[in-house]
Amino acid sequence: MNFFYLLDLIGTFVFAISGTIAAGQKRLDLFGAAFIGFVTAIGGGTLRDMMIGIHPVSWTTSMDYIYVILLAVAITFLIKEQVFRFRKTLFLFDTIGIGVFTIIGVEKALSNGINTPVAIIMGILTAVAGGVIRDTLNNEVPLIFKKEIYATACLVGAIAYLGLQRTGIPIETNQIVTILIIIAIRVISIKYKFSLPRVQFDQSKQL
Amino acid sequence: MNFFYLLDLIGTFVFAISGTIAAGQKRLDLFGAAFIGFVTAIGGGTLRDMMIGIHPVSWTTSMDYIYVILLAVAITFLIKEQVFRFRKTLFLFDTIGIGVFTIIGVEKALSNGINTPVAIIMGILTAVAGGVIRDTLNNEVPLIFKKEIYATACLVGAIAYLGLQRTGIPIETNQIVTILIIIAIRVISIKYKFSLPRVQFDQSKQL
Amino acid sequence: MNFFYLLDLIGTFVFAISGTIAAGQKRLDLFGAAFIGFVTAIGGGTLRDMMIGIHPVSWTTSMDYIYVILLAVAITFLIKEQVFRFRKTLFLFDTIGIGVFTIIGVEKALSNGINTPVAIIMGILTAVAGGVIRDTLNNEVPLIFKKEIYATACLVGAIAYLGLQRTGIPIETNQIVTILIIIAIRVISIKYKFSLPRVQFDQSKQL
C-alpha cells in the first residue's frame, strides 16, 4: 500500500468519526450514526464522481473504505470519552484528510478531461461536500459555511499543487508539500482567528 | 404484469403517500407535496442508479411510477381523513415496499458488477434514502435515524436474500420469504419496542 | 453568442444572487455564500444531467457559468444595498431564468431519448431544484413548496413549448412565447395572490 493511499484511508476514518460525533449530538441511533458517518466520509467523492461521470463511484470498487468507516463508527460509539482525548490528533488527521481529498479530486477531474479551474472546484468539493451533507442531514446549517478558513485552505492547496506540478518535482513531494500548506493555513487561521468576511442580509429582504 | 412488479408499484404508492403526509405536516402546497411525494418514492432508486451508473435512472423509463405517485398524492390530498383509517394497511404496504426496494437494489447492483457487500449497502440505500430525503427537505432530522428497527430489517433481509439465492430455490419464493422476514423483524421490533442503541455526545464537544 | 444563451447566463446570474442573499440571511461567510450561490445556479441542471446521464455535467464544460456566478456573488456581497433597489428587475430576470431553464431541461431530456412527460418533469426540475437545494442547505423548508405559483408556471410553460413546437413555428419564437407565458402566469398569480391549495396534516398523525 502506498503512503498517499494510507493518508486517504486515515482521512476517511477521521471524516467518519466527525459524522458519528455529529449524529451523537442529535442522539441518533447506531444506524443513523453509521449512515451519517458514511456519507461524511464518501459524500464528496461520490458527488464528484457522479458529476464527472466515473461509474460506479470510487468507494464501491474497494472494501477498504467500508471497513475503515465501520471501524470509525464502532470505535467512536464504544470509546467515545477516549475519542475526545485525541482531539488534537484528530484535528490534524482531519486536515490531512481534506488535503488528500483535495488532491484526489483535482487529479480525478484532470484525468477525466475536466479543465483546470473546474478541476480545482472538484478538488474543493471532494474535500468539503461530505461535511456539508453531514450537517444538512443533521438539520444544521453547514459548519464550514460559517467557521474559520477551511475551504479556502483547499483552494490555496489545489492551486499550489497544480503550480508545483509544472515545476516537474516528484508527485510524492508535491503531495506532501500541498498537504503541509493546507495544514499551515488552517492552523495559522485558527491560531490567529482568521475568518472570511460574513455576508449579511436582513431576513425581511427577499428577492 | 408480474407479482413482484405489482409489489414495487404498491411500495412506490405508499412511499408517495408518506411524503405527501410529511409535506402536509409543514402545510406545504400541492406542488411541494407532489415534489416530496415524488422524491420519497423514487429518491432511493435514483441515488442508487446515479452511483452505479444506470442511465437514464430507472423511473424515467416507464410512466407507471409517475402515474402511481400522482395518484397517491391526489388521493392523500383529497381524502386525507380516510387515509389514516387505513394506517395499519399502509404500514404493512410500507414494509412490503422497503422489502421490495431492498431486493431490487441488491439485484440491480449485482447485475451491474457491484461486489456483494456493496450490493447489500445499495439494497438498504434503495429502501431508506427516499425517506431520508423526504425528512431533510421537510427540515427534520430523518425519522429512521432515530426510530425503531428499519434499516436493520433491510440489512437482515438483504443478507437472507443472498443466502437463500445460493440454495437454488426459485427467485419468486426467495422474494416472498425475504419480504416476510423484513415484515417479521419490523413488526416484532415495534411490538417489543426494540430499537438500536443511541449514540450520545455533548453538543459542546466538537472535533 | 446567441440570444437564448445570453438569457441562460442572465438566469444563472440572478439565481446566484438569490443564493447569496439567502446565505446572507443566515450570516454565512463568503465561502458559504459562494457555495450556496453556486448550487442555486447550477443545482437543477446538475441533477438533471446526473439523472439523464450527461457526463460530465453541463456547467463543467464552459467557464462562462463559473465567471457569471462568481461575479454575482461578488456584486451581491459588495453592493448589497444597491442590489435590493433592483429587486423588480431581478424578479423579472429570475422569472426569465426559470423560463430558460425549463426550456433547456425539456430540450436536453428529449434529445437524450427521454419520453415527453418525463422531459416536462426534467424541465421543471431544472428550473426549481437549485432553489430547493439553496433552502435545504440554508436549513429552511424550500420557499417554492409554500409560496405562490412558481413550478406551476414552469409546468404550463413546458407544455406550451412542446405544443407550439408541433405547429412548426421557429424555435426562437417558441422560446420567447414560452418565456412570456411563464412571466405572465407568475406576475398575474402574484398580483391576484393566486396560490396552490395547501395540504394539511396534524403533526401527531404519522404513518
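Helix axes are lines fitted to C-alpha atoms over the stretch in contact, and angles run from 0 to 180 degrees between N-to-C directions. The views below come from a predicted model.

**View 1. Helices α5 and α6 of chain A pack against each other.** Helix α5 covers residues 87-111 of chain A, and helix α6 covers residues 116-137. Their axes lie 7 Å apart. The angle between them is about 140°. Angles over 145 degrees would count as roughly antiparallel. α5(A) and α6(A) are therefore oblique to each other. Their crossing is right-handed.

**View 2. A closer look at the contact of α5(A) with α6(A).** Which residues of α5(A) make the contact? Among them are Ile98(A), Phe101(A), Ile104(A), Gly105(A) and Leu110(A). From α6(A) come residues including Val118(A), Met122(A), Gly123(A), Leu125(A) and Ala127(A). By class, the contact has 14 nonpolar residues and four polar ones. It has no charged residues.

**View 3. Chain A is built from helices.** How many helices and strands does chain A have? The count is eight helices and zero strands. From the N terminus on, the elements run α-α-α-α-α-α-α-α. The C-alpha trace of chain A spans about 50 × 50 × 35 Å along its principal axes. Chain A has a radius of gyration of 17 Å. This agrees with a compact globule of 207 residues, which would have a value near 17 Å.

**View 4. Chain B meets chain A.** Here 27 residues of chain B are in contact with 34 residues of chain A. Three elements of chain B give two or more residues each to this side: α2 (30-52), α6 (116-137) and α7 (151-167). Which of them gives the most? It is α6(B), with four residues. By class, the side of chain B that touches chain A has 16 nonpolar, seven polar and four charged residues.

**View 5. A turn relates chain B to chain A.** Two copies of a chain are related by a rotation about an axis and a shift along it. For chain B laid on chain A, the turn is 120° and the shift along the axis is 0.0 Å. The RMSD is 0.0 Å. That is the relation of a three-fold axis. The copies use different surfaces: 11% of the contact residues of chain B recur in chain A.

Note on methods: Residues are numbered from 1 along each chain as its sequence is written. Chains are lettered from A and ligands numbered from 1 in the order in which they are written. This is a predicted model: local features need pLDDT of at least 70, side-chain atom pairs count only at pLDDT 80 or more; totals for chains, interfaces and linings use all residues. Copies are superposed by least squares on the C-alpha atoms of residues with pLDDT of at least 70 in both. Two residues are in contact if their C-beta atoms, placed from the backbone, lie within 7 Å. Angles under 35 degrees count as roughly parallel, over 145 as roughly antiparallel, 65 to 115 as roughly perpendicular and the rest as oblique. A crossing is left-handed if the near helix is turned anticlockwise from the far one by less than a right angle, and right-handed if clockwise. Ala, Val, Leu, Ile, Met, Phe, Trp, Tyr, Cys and Pro count as nonpolar, Asp, Glu, Lys and Arg as charged, and the others, Gly among them, as polar. The radius of gyration is taken over C-alpha atoms; the globule rule is 2.2 Å times the number of residues to the power 0.38.
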